[in-house]
Amino acid sequence: MRLLRLFTRHAGETLSIERILEDVWGDVVVTPDSVYQAVGALRRALGEGEDGGEYIATVPRRGYRLVAPVVPVAPEMPAYSPAPVAAMAASRSAQRPHVGAVVATLALAALVALGATVPRALRQSADPPARTPAASAAGGAEAARPAAVAPPSLAVLPFQDLSSARDQQYLADGMAEELMASLAAMPHLRVIARTSSVAAARDGADAREVARRLGVTHVIEGSVRRDGGSVRVTTKLVRGVDGVTVWSQTYQRELGNLFAIQDDIGTAVGRSLALVIAGGEVGPRAGRTEVPEAHTQLLLARELMRRGGPEAWRRALEALDRAVAQDPGYAAAVAARVRVESNFYDWTSEPRWLERATADADRAIALAPQLADGFAARADLEQWYQFDWSGAQADLERAHALEPFDVEVLSGETRLLASLGRLDDALAMQRKAVALDPISVTTWRDLGFILTELGDYGAADEALQHCLQIDPDDAYAHSDLGKLRLLQGKFAAARAAFERVTFEPLRLRGLASAEYSLGHRRLADRYLREMIHRYDRKDAYQIAEVYAWRGERGAAFGWFERAVRQRDAGLGYLKFDVLIASVHDDPRYRTLLARMGLPP
């Protein structure tokens with residue numbers, strides 16, 4: 001990778017052997033033979049130019065020069081299937097590659113180019129799988145086709161607390177989470193999200209089993225032991241295919257230097273992985289703090305947010321307030337506070353919470369413009385409460401550029417695309433989120449939701465069932481499953497699903513709709529009246545959904561109007577919500593879309 005980057009940065013220039021050795025291998029002692037082998041490997045990977053010549057020319061007694069034109073290409077989210085690499089390899093006999101298109105095969109080129117210096121233990125993980133007898137017997141072009149190379153991927157398992165009192169798990173969790181965030185910044189490396197890494201290791205599975213479950217090439221394991229004012233961190237990088245440890249290191253630091261330990265580990269792991277994958281270096285994250293206690297409070301708040309509910313939100317907000325008080329410049333904590341404040345606004349409809357959330361989002365971005373969290377948090381506010389679609393899109397694009405593999409950013413893009421009616425694009429984005437967080441209730445639930453709106457009921461059912469296998473009590477998954485059953489005409493099954501919903505507004509919305517479809521008008525009316533009595537100030541859109549499902553357009557639009565006045569977040573569903581399909585041909589619906597600034 002570094003050799004190819006060097007050539008493309010200096011296209012047309014002659015690079016000496018000494019220059020290549022210095023820029024590509026740095027402090028690693030190698031001979032000029034390594035350059036000759038690497039250049040030869042690149043030539044084989046690139047093939048011939050349109051005129052039959054080579055892309056990399058030899059300049060006698062001076063070095064090498066890249067003679068092909070280099071055209072910048074817009075970066076895209078890398079596909080997580082190896083199919084594009086295999087397809088490119090298979091089609092090379094029909095179409096010679098353009099240098100700009102080589103970006104799609106950087107991982108493969110880097111593996112070949114760096115082969116002369118990669119330690120054997122690391123190099124084995126890059127070897128293509130052995131050909132089966134059937135493949136060997138196939139003959140012809142098919143048998144000669146290069147094997148696909150799996151995209152490089154990594155899971156960071158929860159670190160173990162080995163302290164004598166076993167009271168430092170929050171420190172171990174924070175170490176793993178920060179390391180994961182640092183490694184996620186490496187280009188071309190897919191880092192599995194924390195929720196899936198934790199779930200995959202929950203039953204004591206070893207590294208090989210975790211790698212199999214998550215479909216990753218490598219796993220990081222670690223432990224933390226605190227002794228007085230110092231902390232000892234042990235970390236190892238394990239190859240998933242056979243469980244071999246390819247790198248390990250132990251760090252002993254004073255507790256006050258916790259962040260230095262995280263940076264040391266992240267950089268060391270990054271450099272080791274760079275020998276195997278087409279990656280770069282890792283470094284300190286933007287928006288961090290140098291105050292250990294402030295960081296501890298952020299970790300506590302994140303754990304509370306995972307639990308959910310108003311009481312957990314209250315305690316999380318208190319922890320984040322303490323973090324910001326201890327370090328007013330701690331952008332990550334300020335951005336996390338936006339999420340809590342927006343939850344309170346959604347729960348209470350009190351304007352002060354939206355005002356606080358908006359101010360904190362702007363503050364987080366001002367403090368750390370290289371931190372994706374602030375942009376992603378502000379985009380949520382712009383989409384769901386301010387209905388500023390272009391502002392949300394701009395902020396999400398910025399967040400994506402900073403953290404292209406962040407699951408929250410990808411999910412935010414999914415929701416925005418859906419709000420704009422671009423469901424096919426939303427589905428593609430959500431599939432990427434699932435690939436990064438494959439054992440997450442949220443990612444599978446959102447995938448099922450999008451598939452339902454697209455009318456792919458079979459795939460939606462599979463996704464929601466997968467979600468409920470992970471968490472059988474997830475209220476939102478049961479609600480989405482009930483909605484799917486309504487659309488399938490399975491009204492009794494829909495009622496059964498809604499009865500398992502523990503979040504009362506969604507439970508009442510579902511039961512009011514299901515009982516109506518079952519012909520139980522009196523019972524349906526009772527559920528609807530209860531919903532209006534208890535939640536008319538915060539769930540006007542959901543009430544409108546019930547009336548639209550019943551075909552009562554006048555009442556539905558009355559509640560839509562109320563939702564607009566209350567700035568109900570549910571209006572973000574207007575373009576794609578199949579529960580309100582009965583009103584789509586009403587002129588008032590088109591007027592409502594125009595008022596919301598949504599495309600017709």
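1. Helix α20 passes helix α21 in a left-handed crossing (the near helix is turned anticlockwise from the far one by less than a right angle). Their axes come within 9 Å and cross at roughly 160°. Axes here are lines fitted to C-alpha atoms, over the stretch in contact for helices, with angles from 0 to 180 degrees between N-to-C directions. That makes α20 roughly antiparallel to α21 (angles over 145 degrees). Helix α20 covers residues 423-436, and α21 covers residues 441-454. Helices are DSSP runs of H or I with at least four residues, numbered from the N terminus.

2. This is a predicted model: local features need pLDDT of at least 70, side-chain atom pairs count only at pLDDT 80 or more, and totals for chains, interfaces and linings use all residues. Residues are numbered from 1 along each chain as its sequence is written, and side-chain values use heavy atoms, leaving out hydrogens and water.

3. Ala, Val, Leu, Ile, Met, Phe, Trp, Tyr, Cys and Pro count as nonpolar; Asp, Glu, Lys and Arg as charged; the others, Gly among them, as polar.

4. Now another helix pair. The axes of α15 (residues 331-348) and α17 (residues 372-384) come within 8 Å and cross at roughly 20°. The two are therefore roughly parallel (under 35 degrees). Helix α15 also passes α17 in a left-handed crossing. A335, V338, R339 and S342 of α15 meet D373, G374, A376, A377, D380 and L381 of α17. That contact has five nonpolar, two polar and three charged residues.

5. Next, the rings. The structure holds 14 aromatic pairs (Phe, Tyr or Trp rings, the six-membered one for Trp, with centres within 6.5 Å).

6. F449 and Y573 form an edge-to-face pair, 5.8 Å centre to centre with 85° between the planes. The pair links distant parts of the chain, 124 residues apart: F449 lies in α21, Y573 in the loop between α28 and α29. F449 is buried, at 16% relative accessible area. Y573 is partly exposed, at 29% (exposed means over 50%, partly exposed in between).

Definitions and conventions:
Parallel < 35°, antiparallel > 145°, perpendicular 65-115°, else oblique. Contact = heavy atoms within 4.5 Å. Phe/Tyr/Trp six-rings, centres within 6.5 Å; stacked < 30°, edge-to-face > 60°. Buried < 20%, exposed > 50% of the residue type's maximum accessible area, 1.4 Å probe, protein only.
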